[in-house]
Amino acid sequence: MVGDTDDDIAVRRRGASGHRRSGHTADVRIEAWGADRDSCLMEAVRGLVESFADVAGARPSGVARARLPDEGDEELLAALLDEVVYRLEVHGEIPVDVAAGSAEDALDVRFTMADLGSVEITGAVPKAVAWHELRIRPDAYGWSCTVTVDV
């Protein structure tokens, strides 16, 4: 990504996945990367969760699955993060792990969930995914994405 430090570039050249949060007024900006699109998407979910909760010691309470239509890379990123926000708001659940695989015209996602009340909340809970400056695309090291989440 533009502005990568030498450390970021070294990690990304090895094919590692990762994410980071950057400061943004009244919302949260998440940057994620991975060797392929699916790993980049999973890192975006992890980055979203880590932006407001510590799930390290959480006990899973169940598994949730979602099949998201692949209508474009940006649409898929937004739909995936919207699914996390929906499950937070409607079901009071938070993903403690996530895995996915691309199928024809869809992304099959498996969330390992925990009750929101069982984790330590460390920041503002996300309310919506913003389309402004949302992007996901291949780059020199694999795939990267950036998204702003309203809190």
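User: Is Cys40 buried or exposed?

Analyst: In this predicted model, Cys40 has a relative accessibility of 0%, so this residue counts as buried.

User: Which cysteine sulfur is nearest to that of Cys40, and how far away is it?

Analyst: A disulfide is, in general, a covalent bond between the sulfur atoms of two cysteines. The cut-off applied here is 2.5 Å between the sulfur atoms. For Cys40 the nearest cysteine sulfur belongs to Cys145, at 3.5 Å, and Cys40 is in no disulfide. Likewise, Cys145 has Cys40 as its nearest cysteine sulfur partner and is in no disulfide. The count of disulfides by this rule is zero.

User: Is Cys145 buried or exposed?

Analyst: Cys145 is buried, its relative accessible area being 0%.

User: How many residues of strand S9 are buried?

Analyst: Strand S9 covers residues 142-150. Of its nine residues, eight are buried, so the strand is largely enclosed by the rest of the structure.

User: Which strands pair with S9, and in what sense?

Analyst: Strand S2, residues 27-34, pairs with S9 in the antiparallel sense over eight bridges. Within that pairing, Val28 stands opposite Val149 of S9. Strand S8, residues 128-139, also runs antiparallel to S9 and is joined to it by eight bridges.

User: How many residues does the hairpin between S8 and S9 pass through?

Analyst: The hairpin joins S8 to S9 through two residues. Asp139 has Gly142, in S9, as its bridge partner.

Terms used:
Residues are numbered from 1 along each chain as its sequence is written. This is a predicted model: local features need pLDDT of at least 70, side-chain atom pairs count only at pLDDT 80 or more; totals for chains, interfaces and linings use all residues. Side-chain values use heavy atoms; hydrogens and water are left out. Buried means under 20% relative accessible area, exposed over 50%, partly exposed in between (1.4 Å probe, protein chains only). Helices (H or I, at least four residues) and strands (E, at least two) are DSSP runs, numbered from the N terminus. Two strands pair if DSSP finds at least two bridges between them.
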